[in-house]
Amino acid sequence: MKRWLISLLMLVSMQAFAAIDTYDFKDEDTRKRFQQLTEELRCPKCQNQNLSDSNSPIAKDLRHEVYRMLGEGESDSEIADFMVARYGEFVLYKPRKDASTYVLWYGPFGLLLLGLIVVFAITRRKNTAAKESPESNLDDEQRKKLNSLLDQDADK
C-alpha cells in the first residue's frame with residue numbers, strides 16, 4: 001500500500017515539474033518584459049487564464065514564441081500585434097481602443113449618464129407634480145363648485 005502511495009505522489013510531483021518552463025534571458029529587463037507580456041496575453045484555449053498561468057500546450061507554445069520574439073529584439077507592441085493577428089483581440093486582457101471597441105470602453109459611462117438623466121427627470125417630474133395643487137388644474141366655474149361643496153361639508 002505504501003509503495004503504491006509513494007508511486008502516486010512521485011507521479012503527481014513529476015507532473016507539477018513538467019509544467020515549469022525555464023528560459024535564460026540576456027538581462028533583467030527582458031525577463032520582466034517576458035513576465036509582463038505573458039501575464040497580459042490570454043491563453044486562447046483556457047479563456048480566463050493568462051499565458052503565464054496556463055498549462056495548456058498552446059500556452060506553452062505561445063510562451064516560447066514570446067521568448068523567441070523577445071530574443072529577436074521585437075517590441076512589446078509588435079509581439080502583441082503578432083498574437084492579435086493570429087488569435088484576434090481576444091488574446092488581449094486589455095482590448096485596444098478603436099472603432100470596434102468603443103462600446104466596450106465607453107458604454108458603461110454612457111449607461112451611467114443615461115441612468116442619471118432618467119433619475120433626474122423622474123425626480124423633477126415628481127417635485128413639479130407635488131408643487132402643483134389640484135386646484136390649479138380647475139377653471140373658475142369648477143373652483144367655485146369645489147369651494148361650495150367644501151363649505152357644505154364644513155357646515156355639517
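A: A residue is called buried under 20% relative accessible area, exposed over 50%, and partly exposed in between, using a 1.4 Å probe and protein chains only. This is a predicted model, in which local features need pLDDT of at least 70 and side-chain atom pairs count only at pLDDT 80 or more, while totals for chains, interfaces and linings use all residues. Residues are numbered from 1 along each chain as its sequence is written, and side-chain values use heavy atoms, with hydrogens and water left out.

Q: Is Glu65 buried or exposed?
A: Glu65 counts as buried because its relative accessibility is 17%.

Q: Which residue does Glu65 meet in a salt bridge?
A: The partner is Arg68, at 2.2 Å from N to O. A salt bridge here is a side-chain nitrogen of Lys or Arg within 4 Å of a carboxyl oxygen of Asp or Glu. Both Glu65 and Arg68 belong to helix α3, 3 residues apart, or about one turn of the helix. Arg68 is partly exposed, since its relative accessible area is 31%. Shared partners link Glu65, Arg68 and Glu72 into one network of salt bridges.

Q: How many salt bridges are there by this rule?
A: The count comes to 5.

Q: What does Glu28 pair with?
A: Glu28 forms a salt bridge with Arg31, and their closest N and O atoms are 2.0 Å apart. Both residues sit in helix α2, 3 residues apart, about one turn of the helix. Glu28 is partly exposed at 41% relative accessibility, and Arg31 is partly exposed at 28%.

Q: And what about Asp76?
A: The side chain of Asp76 meets that of Arg33 in a salt bridge of 2.8 Å, N to O. Asp76 lies in helix α4 (residues 76-87) and Arg33 in helix α2, so the pair ties together parts 43 residues apart in sequence. Asp76 is partly exposed, with a relative accessible area of 28%, and Arg33 is partly exposed as well, at 26%.

Q: Let us step back to the whole chain. How many helices and strands are there?
A: The chain has 6 helices and 0 strands. Helices (H or I, at least four residues) and strands (E, at least two) are DSSP runs, numbered from the N terminus.

Q: What share of the chain counts as buried?
A: Of its 156 residues, 17% count as buried. The accessible surface comes to about 12,500 Å², and 58% of that belongs to carbon and sulfur atoms. These areas come from the Shrake-Rupley method with a 1.4 Å probe, and for residues only the protein chains shown count as cover.

Q: At what angle do α2 and α3 cross?
A: The axes of α2 (residues 28-40) and α3 (residues 57-71) cross at roughly 145° and come within 10 Å. Axes are lines fitted to C-alpha atoms, for helices over the stretch in contact, with angles from 0 to 180 degrees between N-to-C directions. The crossing of α2 and α3 is right-handed. A crossing is right-handed if the near helix is turned clockwise from the far one by less than a right angle, and left-handed if anticlockwise.

Q: Which residues meet there?
A: From α2, Thr30, Arg33, Phe34, Leu37 and Thr38 meet Arg63, Val66, Tyr67 and Leu70 of α3. Contact means heavy atoms within 4.5 Å. The residues of this contact comprise 5 nonpolar, 2 polar and 2 charged. Ala, Val, Leu, Ile, Met, Phe, Trp, Tyr, Cys and Pro count as nonpolar, Asp, Glu, Lys and Arg as charged, and the others, Gly among them, as polar.

Q: How do α3 and α4 cross?
A: Their axes come within 10 Å and cross at roughly 145°, and this crossing is right-handed. Among the α3 residues that meet α4 are Ile58, Leu62 and Glu65, and the α4 side includes Asp76, Ile79 and Phe82. The contact of α3 with α4 divides into 9 nonpolar, no polar and 4 charged residues.

Q: Now the loops. Where is Gln47?
A: Gln47 is in the loop between α2 and α3. Gln47 is partly exposed, with a relative accessible area of 47%. Not counting residues up to four places away in sequence, Gln47 touches Arg42, Phe90 and Tyr93. Gln47 and Val91 are 44 residues apart in sequence and 8.4 Å apart in space, C-alpha to C-alpha.
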